[in-house]
Amino acid sequence: MGISHYLKEIGRGARGAKPLGRAQAADLFGQVLDGQVTDLEVGAFCIAMRIKGETTDEMCGFLDAVHARLALLPAGDAPVIVLPSYNGARKLPVLTPLLALLLAREGLPVLLHGMRTEARRVLASDVLLALGIPALDAPKKIANGTVAHIHTERLHPGLARLLAAREVVGLRNPGHSVTKLMNPCAGPALVVASYTHPEYFDMLCATFTTMGMNALLSRGLEGEVAADPRRTPRYDAFVGGTHQLLDEQQPGTASEVAGLPLEIDVQTTADYTRRVLAGELPVPAALARQVEHILRTSRQILSET
């Protein structure tokens, strides 16, 4: 059928656009992922949604379409901790690899997935490569106490193509939101999610509740899920869609973090990560707190499955 009839609904500007139902959103996004639409239609979809913004029903529909098509990782012996990583570092070192390795040290299976969507940022996957952790060629079971990372294209090529449209259009699109919320695992998992702009908070909470997902939500750092080492954010957990407030946001911003380098390049970040794991430098308090919340929520998921 094509998606032109959907574009007429969502493409009328911020005030004139109409929201799609969940089934409509799933159909639209599924056609985009399957490559059934033209490049022109994809561009129109990206710009229309950027102006309009996603509703909860639309986000749930987009996730329905993605979850029906992903190449899933086999179930593990414990809930897999899923760390989406698509933004990388711009001002501070990317700490998502450190978060992943701290979680693995606690015996958890950890999956980081992502790809480059901005040319000038330092990616978490590059830091993991510098630490001697190769990327997966295909989805596979992750052992407890290990970190794996995989390129989005290995999970679904159509989703990677949609993310790459940013290089042409110049704007993020719903694919960037979906990848940060999706669960690419066949078994129990905990999606660690973040938001930058406060106006997204209610929509994300409603999405996790409606989808019945397991997730930990907090304010991120430059679009990454690792906690900002200078702050203590609010943490909200969702287990089977049921919401729990774990921590209120604490006021204040630290002027400096012990041992945190000023440089953000791959090698410096990898060296810093090694030294923290070796005990030569302290674990940033904010990351230690985030690890505690992830461990607690993971145990709760395990007890309820």
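In this predicted model, Arg289 is partly exposed, with a relative accessible area of 32%. Its salt-bridge partner is Glu292, and the closest N and O atoms are 2.8 Å apart. Glu292 also counts as partly exposed, at 43% relative accessibility. Both residues belong to helix α14 (residues 285-303). They sit three residues apart, so about one helical turn separates them.

Helix α13 (residues 266-277) holds another pair, Arg274 and Asp271. These two residues are likewise three positions apart, about one turn of the helix. Their salt bridge has its closest N and O atoms at 2.8 Å. Arg274 is partly exposed at 38% relative accessibility. Asp271 is partly exposed as well, at 34%.

A further salt bridge joins the side chains of Asp126 and Arg116, at 3.4 Å from N to O. Asp126 lies in helix α7 (residues 124-130), whereas Arg116 lies in the loop between β2 (110-114) and α7, so the bridge ties together parts that are ten residues apart in sequence. Asp126 has 27% relative accessibility and counts as partly exposed. Arg116 falls in that class too, with 32%. Asp228, Arg230 and Arg231 are linked in a network of salt bridges. The count of salt bridges comes to twelve. Side chains of opposite charge can pair when their charged atoms come close.

The surface also carries a nonpolar patch, formed by Ile47, Ile51 and Leu171. Together these residues have about 240 Å² of accessible area. Ile47 is placed in helix α4 (residues 39-52). Its relative accessible area is 39%, which makes Ile47 partly exposed.

Most residues other than glycine have a negative phi. Glu222 is not a glycine, yet its phi is positive, at about 55°. This residue lies in the loop between β5 (215-219) and β6 (235-239).

The whole protein contains 14 helices and seven strands. Its radius of gyration is 19 Å, close to the 19 Å that the globule rule gives for 305 residues, so the protein is as compact as a globular protein of that length. The C-alpha trace spans about 60 × 40 × 40 Å along its principal axes. Of the 305 residues, 54% count as buried. The accessible surface comes to about 13100 Å². Carbon and sulfur atoms account for 50% of that surface. Among contacts with a separation of 6 or more, 74% are between residues 24 or more positions apart.

Conventions: Residues are numbered from 1 along each chain as its sequence is written. This is a predicted model: local features need pLDDT of at least 70, side-chain atom pairs count only at pLDDT 80 or more; totals for chains, interfaces and linings use all residues. Side-chain values use heavy atoms; hydrogens and water are left out. Helices (H or I, at least four residues) and strands (E, at least two) are DSSP runs, numbered from the N terminus. Patches are made of residues with over 30% relative accessible area and no salt bridge: like charges are joined within 9 Å, nonpolar side chains (Val, Leu, Ile, Met, Phe, Trp, Tyr) within 5 Å. Accessible areas come from the Shrake-Rupley method with a 1.4 Å probe; for residues, only the protein chains shown count as cover. A salt bridge is a side-chain nitrogen of Lys or Arg within 4 Å of a carboxyl oxygen of Asp or Glu. Buried means under 20% relative accessible area, exposed over 50%, partly exposed in between (1.4 Å probe, protein chains only). The radius of gyration is taken over C-alpha atoms; the globule rule is 2.2 Å times the number of residues to the power 0.38. Contact means heavy atoms within 4.5 Å.
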